[in-house]
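Hello,

Here is the structure I promised to pass on. Please open it and keep it beside you while you read my notes below.

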Amino acid sequence: YMTTTTNKKKKEVEKGSMQDILTTFSVSAIYPLLIVSYEQVRSFHAQLRDMHCDLIICDEGHRIKNAASQVGAALNSLKAPRRIILSGTPIQNDLEEFFCMMNFVCPG
């Protein structure tokens, strides 16, 4: 059980840690592995979009269901030639959701 104060401090530590990671490497560095949450991608998209990585794997890929969402826009701004989406949620007759997921994997 965490109190609100503890949660706030934890978020501040996480934000500081992420910022430390991003500033430790140069902008043009190739990261062997970086695991971040969708919320971190949204929060740090300005720094992350300058990174160059070879592969992005998105678990719970159905969260990219709207091209106008902050998470979707942030992920689409990342530079990676290869992208994979993992999703256990079936696409249920929603062509916009399907298009957003496929457009992330294969832009255009």
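**What I found**

Arg82 counts as partly exposed, at 46% relative accessibility. Keep in mind that this is a predicted model.

Arg82 has a partner. It forms a salt bridge with Asp54, and the closest N and O atoms are 2.1 Å apart. Arg82 sits in strand S2 (residues 82-85), while Asp54 is in the loop between helix H3 (45-48) and S1, so the pair ties together parts that are 28 residues apart in sequence. Asp54 is partly exposed too, with a relative accessible area of 42%.

How many salt bridges does a search of the whole structure find? The count is 2. Glu39 and Arg63 also form one, with their closest N and O atoms 2.9 Å apart. Glu39 belongs to helix H2 (residues 38-43) and Arg63 to the loop between S1 and helix H4 (70-76), so this pair links parts 24 residues apart in sequence. Glu39 is partly exposed at 34%. Arg63 is partly exposed at 37%.

Next, the surface. Leu55, Ile57, Ile84 and Leu86 make a nonpolar patch of about 330 Å². Leu55 lies in strand S1 (residues 55-58). Its relative accessible area is 38%, so Leu55 is partly exposed. The chain exposes about 7,600 Å², and carbon and sulfur atoms supply 57% of that.

Now the whole chain. It has 5 helices and 2 strands. From the N terminus on, they run α-α-α-β-α-β-α. Of its 108 residues, 25% count as buried. Among contacts with a separation of 6 or more, 65% join residues 24 or more positions apart.

Best wishes

Notes
Residues numbered from 1 in each chain as written. Predicted model: local features only at pLDDT ≥ 70, side-chain atom pairs only at ≥ 80, totals over all residues. Heavy atoms only, no water. Helix = DSSP H or I, 4+ residues; strand = E, 2+ residues; numbered from the N terminus. Buried < 20%, exposed > 50% of the residue type's maximum accessible area, 1.4 Å probe, protein only. Contact = heavy atoms within 4.5 Å. Areas by Shrake-Rupley, 256 points an atom, 1.4 Å probe, with all protein chains shown as cover. Patch = residues over 30% accessible without salt bridge, like charges linked within 9 Å, V, L, I, M, F, W, Y side chains within 5 Å. Salt bridge = Lys/Arg side-chain N within 4 Å of Asp/Glu carboxyl O.
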